[in-house]
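Let's walk through this model together, from its overall make-up down to a few individual residues. Keep the viewer open as you read.

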Amino acid sequence: MKTPILPVLLVAGVAALPGCAARHPAATAPPSAATSASGGAAAALGPAALAAWWDAHHVALPPAPLVTYDDMVAAAARAVDADAGRVAREVVGRSVEGRDLLHLTVGRGPTHVLLWSQMHGDEPSATPAIFDLLEWIRRERGTAAVQRLEDRLTVHLVPMLNPDGAQRFIRRNAQGIDINRDALHLQTPEGRALKALRDRLQPVLGFNLHNQNGQTSAGSPPKPATISLLAVAHDAARSDSPRRTMAKQTAALVREALEPLIPGQVGRYSDEFEVRAFGDNLGRWGTAVVLIESGPVSGADADQVLVRLNFVALVTALDGLASGRTAAHPTAAYDTLPVNESNLLSIRIRNATIASGTGVAPFVGDIGVNTSRALARGDGPRRLQVASRIADLGDLRVFGALEDVDATGLTATPAFDDAAREGDLVRMPDWSAWQGATIAVGQPGALFLLAPVSTAAPTTSATASPLSESWRLVRRVQPGVTRP
Ligand SMILES: [Zn+2]
């Protein structure tokens with residue numbers, strides 16, 4: 001929530017996708033998921049069952065970053081129509097550019113809960129999950145789980161609080177203000193709408209739904225911090241209070257639900273008090289807040305994986321409140337979360353002989369590449385483009401990576417030939433006259449991995465003269481281009 005960079009999702013993945021229901025039988029669900037209600041309803045609330053439910057029934061929307069304001073409005077209308085009389089819709093304000101800010105309500109219970117997503121326009125993963133939650137409530141009505149949820153809770157949902165930023169896929173609103181630094185000044189109409197809604201509803205618990213930096217890692221050795229949680233502090237001393245304890249208990253339940261789906265990939269967001277942020281001030285105003293940050297995960301369908309994880313987290317958290325489990329739950333699973341660090345690379349090329357193009361002699365080392373995404377400019381359908389840059393160079397063993405490439409015996413160079421394809425024979429340019437990108441921190445992450453053709457032995461010699469050899473292009477590292 002405090003950094004503008006997106007999770008990195010479009011790199012080619014080598015790791016197995018988390019969240020695959022088939023790989024996580026219901027038996028791996030934490031015991032807490034099966035302690036209440038009827039056996040059937042309890043089984044359906046385990047993380048594997050919820051993930052499988054999502055696979056079968058989630059609302060059809062584009063990948064989260066491509067969901068437009070109009071898509072969101074249409075999804076809200078469908079949710080209201082499909083569940084007539086159960087889901088209410090009101091407009092609680094307008095964005096700077098005049099887009100309606102929607103507030104959807106479901107349930108009739110005395111305990112009010114407020115969820116808002118995409119306060120940062122380029123942090124979209126929770127927005128589709130809000131509609132999946134409504135769909136789950138509609139389809140599973142009649143189960144004990146939904147009955148108690150609707151009887152005991154009133155759930156308030158604000159999807160896409162920053163529609164102007166979402167249209168541009170940028171963090172800030174159309175004034176250029178970070179809404180999440182406007183809780184005190186209230187100069188943004190979006191922030192004012194959220195504050196007014198909180199004051200009117202007096203929810204006991206809020207869910208502040210964001211995406212975090214794609215370099216965010218958890219644990220050692222570092223793994224992607226695919227979801228990070230925070231029971232938001234409401235003062236600089238980070239005091240505990242019954243409200244904050246409830247937020248920690250909620251976060252503990254969520255961690256236990258997510259851990260079987262993404263083992264070791266749940267982190268804890270920094271609990272430093274940010275005096276201007278909404279989460280922190282909602283705590284001060286009387287509403288405990290759980291922050292859920294979606295982060296990096298490998299795989300071509302990473303965007304969908306994050307929506308599914310958000311769905312599992314939200315159903316788990318709401319059922320914990322409705323069933324009474326939250327109030328009795330220990331906070332240990334929250335207290336022991338590994339704290340977020342920034343030790344993740346998008347791609348790590350290991351042990352390459354690096355011909356950097358800068359004129360220095362080749363040397364052996366690792367290359368770390370990070371990527372970020374933005375909306376592609378121009379007409380036509382909304383689409384994303386991926387930018388990459390070299391983030392680090394040398395001995396990068398202490399980092400984690402979404403994709404690791406073993407380049408032992410291969411020579412890494414800048415991508416020097418746009419037309420060359422993997423398998424082609426290429427000749428290296430004369431680096432002394434080279435004008436293009438080099439392998440250096442800050443340079444583009446487009447690289448070649450080459451094998452010498454003239455010898456079967458790997459070329460690790462710093463004295464080899466690349467100019468005189470022919471090379472085969474073994475791998476084109478081109479972040480953003482999906483490999484088959
Ligand atoms: Zn954010």
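Of the chain's 484 residues, 53% are buried; a residue is called buried if 20 or more other C-beta atoms lie within 10 Å of its own, exposed if there are 12 or fewer, and partly exposed in between, with C-beta atoms placed from the backbone. Please keep in mind that this is a predicted model: local features need pLDDT of at least 70, side-chain atom pairs count only at pLDDT 80 or more, and totals for chains, interfaces and linings use all residues. Residue numbers start from 1 along each chain as its sequence is written.

The secondary structure comprises 12 helices and 18 strands. Both are DSSP runs numbered from the N terminus, helices being H or I with at least four residues and strands being E with at least two.

Now look for the open sheet of eight strands, which has mixed pairing and the order S1-S2-S4-S3-S5-S10-S8-S9. Two strands pair if DSSP finds at least two bridges between them. At the edges sit strand S1 (87-94) and strand S9 (266-268), each of which pairs on one side only. On average, neighbouring strands of this sheet are turned by 20° against each other, direction ignored. Within the sheet, S5 and strand S10 (residues 288-294) run parallel and are joined by seven bridges.

Which strands does H10 lie across? They are strand S3 (111-117), strand S4 (153-158), S5, S8 and S10, and H10 runs at about 160° to S10. Such angles run from 0 to 180 degrees between N-to-C directions, and axes are lines fitted to C-alpha atoms, for helices over the stretch in contact.

H10 also meets helix H4 (residues 126-139): their axes come within 8 Å and cross at roughly 50°. H4 is therefore oblique to H10, since angles under 35 degrees count as roughly parallel, over 145 as roughly antiparallel, 65 to 115 as roughly perpendicular and the rest as oblique. The residues making this contact include Leu 133 and Trp 136 of H4, and Phe 311 and Leu 314 of H10.

Next comes the largest nonpolar core, with 98 residues. A nonpolar core is a set of buried Ala, Val, Leu, Ile, Met, Phe, Trp, Tyr and Cys residues joined through C-beta atoms within 7 Å. Helix H10 (residues 302-323) gives the most to this core, 14 residues. Leu 318, among the residues with the most contacts inside the core, touches Val 113, Leu 149, Leu 153 and Val 155, leaving aside neighbours within four places in sequence. Apart from this core lies another, of 28 residues, including Ala 352 and Leu 402.

Finally, some backbone details are worth a look. Ser 220 and Pro 221 are joined by a cis peptide bond with omega about -5°, and Pro 221 lies in the loop between strand S6 (217-218) and strand S7 (223-224). Gln 202 is not a glycine, yet has a positive phi of about 50°. Its loop runs between helix H7 (189-201) and strand S5 (205-211). Because 11 other C-beta atoms lie within 10 Å, Gln 202 is exposed.

Definitions and conventions
Contact = placed C-beta atoms within 7 Å.
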